[in-house]
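Me: I should like to go through the reasoning behind several structural assignments. Please set each value against its definition.

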Amino acid sequence: MSLRIYGLQAEQLAEPLGLDRPRPRLSWKLDSDRRGAAQSAYRITAALRRDDLGEPGRLVWDSGRRESGDGLLVAWEGPVLQSATRYHWRVEAWDETGAPAEPAQSWFETALLHRADWTAAWIGRDPAELPPVDPPGGDDVAGADLVPPPLHLRRSFELDRPPVRARLYATARGIYEPRLNGARVGDRELAPGWTEYHRRLQYQTYDVTGHLRPGPNVLAAVVADGWWSGYVGFDPRRAARHYGDDPAFLAQLVVEYADGSRQVVATDAAWTEGPGAIAGADLLMGQIVDARRHVPGWDEPGPADGFRPVAVLDAEPGPLVAEPDHPVRVTEQLPAATVECRGPGRYIADFGQNLVGRVRLTLRGAPAGQRVTVRHAEMLAGGELYTANLRRAAATDVYVAAGDPVEVFEPRFTTHGFRYAEIDGHPGDVVAQVLHNDTPFTGRFECSDPVTNRLYDNIRWGQRGNFVAVPTDCPQRDERLGWLADAQIFAPTAGRNADVAAFFARWMRDVVDGQDDGGAFRDVAPVVTLGREAAPAWGDAGVIIPWYLWRTYGDRQALAHAYPAMKAWIAHVRRHNPDLRWRRRAGSNYGDWLQIGADTPREVLATAYFARSTAIVADAAAVLGHAAEAAEHRALHTAIRQAFASSYVRADGTVAGETQTAYLLALGFGLLPEDLVAAAAGHLAADIERRGHRLTTGFVGVPLLGPVLTEHGRPDLAYALLHQDAFPSWGYSIRHGATTIWERWDGWTEHDGFQAGAMNSFNHYSLGSIGDWLFGRVAGIDQAPGSVAYRELLLRPTPGGRLTWARAEQDTARGRVACGWAVTDDRITVTATVPPGSTAVLELPTADPASVREDDRPVDTQPGVLRAGPSPSGLTVGLTSGRYTFTAAAPLRETS
């Protein structure tokens with residue numbers, strides 16, 4: 001097969017509806033069954049109509065043939081883009097022989113690119129028209145904290161003919177659901193998401209052509225508090241109203257006709273606001289619905305009882321940006337695995353999986369006024385919901401039935417983290433709806449060991465549950481903040497599982513916006529009440545994640561945007577620590593958070609991160625062409641490294657604190673004199689063995705465990721930790737029913753039961769950062785140190801432990817990469833897939849390099865093999881693109 005072009009993206013999104021970038025970047029991926037296949041040239045053409053792509057005289061841009069092997073983030077060089085315009089684009093490519101590939105095409109549509117495009121004004125509830133507080137049953141979930149109810153807004157308008165195209169541009173101060181003529185518009189949840197609202201408020205674009213009809217129409221919306229004015233965080237001094245006191249709505253419907261004329265319906269004084277069935281809604285607390293109060297037809301043409309004029313709050317739209325990444329959606333529906341009756345009218349549903357989202361309850365035959373309460377929890381204690389770890393989050397939804405034969409309760413303005421739901425008041429069909437940012441899942445790991453597979457599934461579920469608008473630390477309690485250390489620790493694993501390029505690039509803008517004038521990042525982004533300077537490893541996310549986006553996706557733009565903030569962070573730390581040991585201005589200095597049975601000195605950890613971030617800034621400066629700044633930071637890194645060694649490393653290779661994390665940081669960040677590396681690795685191994693193959697690492701140390709042990713010749717110990725099921729370990733939580741990653745090793749133990757509810761999440765991805773090692777060393781997919789976006793692969797499959805086979809695949813920015821191995825009797829089989837345009841170095845683990853064969857022939861005689869030579873693990877083979885299967889004598893290994 002010649003080249004196949006696939007995976008076309010504009011600004012790292014497939015067919016995005018509503019881009020506001022003046023020069024969007026275009027990308028594509030390549031595939032081929034033929035070894036050595038590579039792109040040698042490409043051509044991009046663009047037109048306003050799909051059918052015009054083949055007509056040279058009708059193109060809006062023709063790049064011409066460009067000699068390049070790359071299809072990664074190619075900037076638009078055509079004419080200035082017009083607002084609200086769809087552009088169709090096509091990629092042609094030629095392989096290394098000059099043969100053409102079958103062209104591929106896609107489209108993107110621009111949003112409103114100029115301030116003058118907006119005519120809408122912010123509208124909200126008239127303060128003089130606040131409805132009376134009268135919760136259903138006289139006692140709502142969280143008292144007066146859930147009132148006033150969400151906005152129910154509507155606007156009637158007429159169309160005199162069918163439109164050929166219609167777009168709705170909408171956003172909210174709060175979270176909103178748009179409706180047209182009685183039907184919900186789109187499938188986004190919790191829109192517009194959470195950003196630094198005063199710096200940047202996202203709006204969404206919807207194709208609503210099919211919702212409109214000639215004659216009367218009604219555009220409507222429900223708007224709840226969300227992050228804008230609802231509960232978020234855990235600071236009792238500022239529990240809510242972080243950005244404003246009340247929700248508001250901004251929308252603009254643009255209708256186009258066949259003759260080129262337009263009609264605009266925008267939020268203004270002509271809108272009305274009225275009562276609705278939702279009596280209260282809050283992200284943390286829950287949602288209350290009294291179906292008896294539903295106003296029939298309120299969002300359809302015709303009169304609507306009780307609606308009154310809105311207040312125009314602000315004529316200026318403010319800092320609007322088009323939504324730049326994948327929205328939150330319902331991605332899966334899980335029926336209850338079991339539903340057990342626990343008393344008259346009271347049931348506990350177990351969905352068999354800790355998840356994030358909501359319960360959809362279908363009631364049949366419930367009498368009018370019947371009150372149904374749904375409470376949520378991650379765990380059971382004594383057969384009942386364990387809710388101590390929710391803290392102030394009520395996580396309770398209430399429905400009062402209207403008396404219809406069939407009623408559906410689906411609270412769309414709240415979200416919960418749960419496995420169990422208690423339903424009190426009426427039996428019904430219960431389904432859990434899973435919500436998260438709909439980042440495409442592009443990677444998969446599997447192996448012969450069911451427990452390891454369960455661990456990997458737990459990691460994926462933790463990612464799904466905590467990528468909700470921002471990368472949260474936990475989804476169930478009164479917090480749900482974008483903690484920086486958690487995100488930077490888990491980012492490499494996240495990118496193995498899914499395409500998180502746009503998600504992290506968007507969130508990094510909040511991280512940078514949160515930086516103070518002195519250069520200090522904050523612990524969380526967006527910043528709510530935790531305004532203090534970030535701690536070591538926390539603030540360093542502002543350096544590490546932009547570099548990660550460059551290395552993994554080739555996103556130079558994200559790196560360039562963050563670079564000034566990255567430099568400022570290093571300057572901040574250096575200014576306050578002239579001796580280059582980070583001991584002052586370290587924020588809360590959390591250390592190796594939730595380490596167990598150990599106490600890594602905080603200044604050792606801090607100084608190690610100071611060194612690592614400085615090295616990254618030096619590399620980033622070089623990439624961006626700032627040679628003098630690169631040299632300056634390289635010299636600083638050398639000095640910090642020397643300060644670390646002289647202050648914390650002894651002549652026998654021990655590192656201050658002598659904890660696993662202390663050794664992991666020193667080894668993993670390259671901070672030791674070369675002559676002490678082996679001794680330090682030995683001390684690390686001895687500590688693990690002395691503890692009976694148990695770890696002591698917290699958040700910061702965990703991601704280094706597998707890679708450092710494997711790199712320094714002890715994969716047997718990495719596997720021993722992987723397979724451990726005694727406390728503390730991943731296996732211990734799995735043995736006790738975990739379906740996600742726990743926040744802490746001792747979240748629940750046989751000897752002590754539940755940890756203190758003040759901080760005890762059972763869905764928290766940080767300790768799942770081992771996932772990067774499962775891909776990178778167990779299955780073997782990695783890239784060379786200087787490689788960007790997997791151009792130069794480093795494939796190092798590492799058999800070990802009780803595994804007899806393992807494999808992984810990733811759809812990278814360039815195409816599909818796969819690697820795996822299987823041991824049968826005394827032979828090992830290794831498979832590898834290298835995408836067109838990439839090369840690979842494959843380290844074949846074998847006890848007998850001469851035994852390596854492909855198709856029963858010596859490896860160095862095969863097409864696509866560039867070179868072969870001995871390596872410490874067996875045989876190193878250089879590969880071009882293609883699919884390969886090698887067999888060899890099985891490696892000698894220790895099992896644990």
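Me: Why is Glu 479 called buried?

Reply: This is a predicted model, in which local features need pLDDT of at least 70, side-chain atom pairs count only at pLDDT 80 or more, and totals for chains, interfaces and linings use all residues. Residues are numbered from 1 along each chain as its sequence is written, and side-chain values use heavy atoms, with hydrogens and water left out. Buried means under 20% relative accessible area, exposed over 50%, and partly exposed in between (1.4 Å probe, protein chains only). Glu 479 has a relative accessible area of 5%, so the residue is buried.

Me: What makes the contact of Glu 479 and Arg 391 a salt bridge?

Reply: The term requires a side-chain nitrogen of Lys or Arg within 4 Å of a carboxyl oxygen of Asp or Glu. For Glu 479 and Arg 391 the N to O value is 2.9 Å, and the side chains therefore meet in a salt bridge. The pair ties together parts that are 88 residues apart in sequence.

Me: Why does Arg 391 count as partly exposed?

Reply: Its relative accessibility is 30%, so Arg 391 falls in the partly exposed class.

Me: How do you know that strand S31 is largely enclosed by the rest of the structure?

Reply: Strands are DSSP runs (E, at least two residues) and helices likewise (H or I, at least four), numbered from the N terminus. In S31 (residues 396-400), 5 of the 5 residues are buried, so the strand is largely enclosed.

Me: Why is the span of helix H5 said to agree with expectation?

Reply: The expected span is 1.5 Å times one less than the number of residues. The 13 residues of H5 (residues 541-553) should therefore span 18 Å, and the end C-alpha atoms are 17 Å apart, which agrees.
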